Amino acid sequence: MVDVFLQKRRDGKAAKRLFKWLLRKHKVELRKIVTDKLRSYNAAHSELIPEVIHDISQYANNRWELSHEPTQV
């Protein structure tokens, strides 16, 4: 499942808000979060959900980026 959540700022406070929103929305135990290499995501991850795998590798989300299907809003 792909979630797109756009924010004006990409600081630590916004990253924590994003992760809290994801946890509230899905209501299941997350196994893995794939983000870009923004350092605020790492800080929010280690503070809120350290047991979840946080993947920041370059091609981790290629499955969705290479898909030619439109993103649902």
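How many aromatic pairs does a search of the whole structure find?

Author: The model is a predicted one, and a search through the whole of it finds one aromatic pair. The partners are Phe19 and Tyr41, whose rings are 6.2 Å apart centre to centre, with 20° between the planes. The pair counts as stacked because planes under 30 degrees apart fall in that class. Distant parts of the chain are linked by this pair: Phe19 belongs to helix H1, residues 12-26, while Tyr41 belongs to helix H2, and 22 residues separate the two.

The chain contains three helices and two strands, which follow one another along the sequence in the pattern α-β-α-β-α. Of its 73 residues, 22% are buried. Among contacts with a separation of 6 or more, 39% are between residues 24 or more positions apart.

Both members of the pair, Phe19 and Tyr41, are buried. Leaving aside residues up to four places away in sequence, Phe19 touches Ile33, Tyr41, Ala44, His45, Leu48 and Ile49. Phe19 and Tyr41 are also included in the largest nonpolar core, a set of 10 residues whose other members are Ala15, Leu18, Leu22, Leu30, Ile33, Ala44, Ile49 and Val52. H1 and H2 each supply at least two residues of this core, and the largest share, four residues, comes from H1. In soluble globular proteins, nonpolar side chains tend to be buried together.

The two helices that carry the pair may now be considered as a whole. The axes of H1 and H2 come within 8 Å and cross at roughly 50°. With that angle, H1 is oblique to H2. The crossing is right-handed. On the side of H1, the contact is made by Gly12, Ala15, Lys16, Leu18, Phe19 and Lys20; on the side of H2, it is made by Ser40, Tyr41, Ala44, His45, Glu47 and Leu48.

Ser40 lies in helix H2, which spans residues 39-48. Ser40 counts as buried because its relative accessibility is 12%, and the limit for that class is under 20%. When residues up to four places away in sequence are not counted, Ser40 touches Arg10, Asp11, Gly12 and Ala15. Ala14, a residue of helix H1, is likewise buried, with a relative accessible area of 8%. The C-alpha atoms of Ala14 and Ser40 are separated by 8.4 Å, although the residues are 26 apart along the chain.

Asn42 is also found in helix H2. Asn42 counts as partly exposed because its relative accessibility is 45%, and that class lies between the limits of 20% and 50%. Between the C-alpha atoms of Asn42 and Ala15 there are 8.7 Å, and along the chain the two are 27 residues apart.

In summary, the stacked pair of Phe19 and Tyr41 joins helix H1 to helix H2, and both of its residues belong to the largest nonpolar core.

Definitions and conventions: Residues are numbered from 1 along each chain as its sequence is written. This is a predicted model: local features need pLDDT of at least 70, side-chain atom pairs count only at pLDDT 80 or more; totals for chains, interfaces and linings use all residues. Side-chain values use heavy atoms; hydrogens and water are left out. Buried means under 20% relative accessible area, exposed over 50%, partly exposed in between (1.4 Å probe, protein chains only). Contact means heavy atoms within 4.5 Å. Rings of Phe, Tyr and Trp (its six-membered ring) pair if their centres lie within 6.5 Å; planes under 30 degrees apart count as stacked, over 60 as edge-to-face and the rest as tilted. A nonpolar core is a set of buried Ala, Val, Leu, Ile, Met, Phe, Trp, Tyr and Cys residues joined through side-chain atoms within 4.5 Å. Axes are lines fitted to C-alpha atoms, for helices over the stretch in contact, and angles run from 0 to 180 degrees between N-to-C directions. Angles under 35 degrees count as roughly parallel, over 145 as roughly antiparallel, 65 to 115 as roughly perpendicular and the rest as oblique. A crossing is left-handed if the near helix is turned anticlockwise from the far one by less than a right angle, and right-handed if clockwise.
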